[in-house]
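Me: I have a new structure to look at, and I would like to learn how to read it step by step. Could you walk me through it?

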Amino acid sequence: TMGDRIVVMRDGIIQQIDTPQALYERPGNKFVAGFLGSPQMNFIDAVLKKADNYYVEFGAEATKTSKAVKYQVEVPAAKVTPELAKYVDKEVTLGIRPEALHDDQMFLSNASTGVVDATVEITEMMGAETYLYLVCAGVSLTARVDPRSTARPQDEIKIALDPNKIHLFDKETEETIIN
């Protein structure tokens, strides 16, 4: 983070060269996205869908003991590219950084998409922020929230994923589809 430009390598192969901020905000692949940031980016197996707009869908299938829980996050118009069309109805990896998960009422009440139910497993007070370790539809997530958060272990809470901060990665190649 002190350099003007950083080279991210994996197994001796250059993955991406850019400024620290650009690497963080616009990773070229899933490896770079997971490598930068602490805690690291959350990754969720999802499927890209299209109705009126593009959206990603994730969640648990129905079992004998639980019903299906599906969540949707709309892809903002500013992130839509022509390349998205070839991923419709295909598995992708949804990436979202911990600071783009919100438990505050103001964000939740204004969210039109991407509000999910989660169970708090652990809370970790870090001084100026709190990390919430969550489980949502069988997926482990980490949220970086305000230290005044009232969430406690075993609480069932709502979390809003900021759709403007999502990343999509090709499931097979792990290359970035959208940032």
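Me: Which residue stands opposite V115 in β11?

Reply: A160 in β11 stands opposite V115. Before we go on, this is a predicted model, in which local features need pLDDT of at least 70 and side-chain atom pairs count only at pLDDT 80 or more, while totals for chains, interfaces and linings use all residues. Residues are numbered from 1 along each chain as its sequence is written, and side-chain values use heavy atoms, with hydrogens and water left out.

Me: How many bridges join β8 and β11, and in which sense do they pair?

Reply: Here is the general idea: strands of a sheet pair through backbone hydrogen bonds, either parallel or antiparallel. Strands (E, at least two residues) and helices (H or I, at least four) are DSSP runs, numbered from the N terminus. Two strands pair if DSSP finds at least two bridges between them. In this case, β8 (residues 115-125) and β11 (residues 156-161) pair in the antiparallel sense over five bridges.

Me: What is the order of the strands in the open sheet of five strands?

Reply: The order is β7-β11-β8-β9-β10, with antiparallel pairing. Its edge strands are β7 (101-102) and β10 (139-145), each of which pairs on one side only.

Me: Why is strand β6 described as largely enclosed?

Reply: Start with the cut-offs: buried means under 20% relative accessible area, exposed means over 50%, and partly exposed lies in between (1.4 Å probe, protein chains only). Five of the six residues of β6 (residues 91-96) are buried, so this strand is largely enclosed by the rest of the structure.

Me: Which strands pair with β6?

Reply: Strand β3 (residues 42-50) runs antiparallel to β6 and is joined to it by six bridges; here N42 stands opposite I96. Strand β12 (residues 167-170) also pairs with β6 in the antiparallel sense, over four bridges, and T93 stands opposite F169 there. From D170 to T93 is 77 residues in sequence, but 6.5 Å in space, C-alpha to C-alpha.

Me: How many aromatic pairs does the whole structure hold?

Reply: In general, a pair of aromatic rings is described by the distance of the centres and the angle of the planes. Rings of Phe, Tyr and Trp (its six-membered ring) pair if their centres lie within 6.5 Å; planes under 30 degrees apart count as stacked, over 60 as edge-to-face and the rest as tilted. A search of the whole structure finds four such pairs. One of them is F43 with F169, an edge-to-face pair at 6.0 Å centre to centre and 70 degrees between the planes. F43 lies in β3 and F169 in β12, so this pair ties together parts that are 126 residues apart in sequence. F43 is partly exposed at 21%, whereas F169 is buried at 0%.

Another is F58 with Y71, a tilted pair at 5.8 Å and 45 degrees. F58 sits in strand β4 (residues 54-60) and Y71 in strand β5 (residues 69-74), 13 residues apart. Both F58 and Y71 are buried.

Me: Where does the charged end of K30 sit?

Reply: A charge sits over a ring if NZ of Lys or CZ of Arg is within 6 Å of the ring centre and within 35 degrees of the ring normal. The charged end of K30 sits over the ring of F43, 5.0 Å from its centre. Likewise, R97 lies over the face of Y24, at 3.9 Å from the ring centre.

Me: How many salt bridges are there?

Reply: The rule is a side-chain nitrogen of Lys or Arg within 4 Å of a carboxyl oxygen of Asp or Glu. By this rule the count is nine. Among them is R10 with E174 (3.9 Å, N to O). R10 lies in β1 and E174 in the loop between β12 and β13 (176-178), so the pair ties together parts 164 residues apart in sequence. R10 is partly exposed at 36%, and E174 is partly exposed at 27%.

D45 and K171 also meet in a salt bridge (2.3 Å, N to O).
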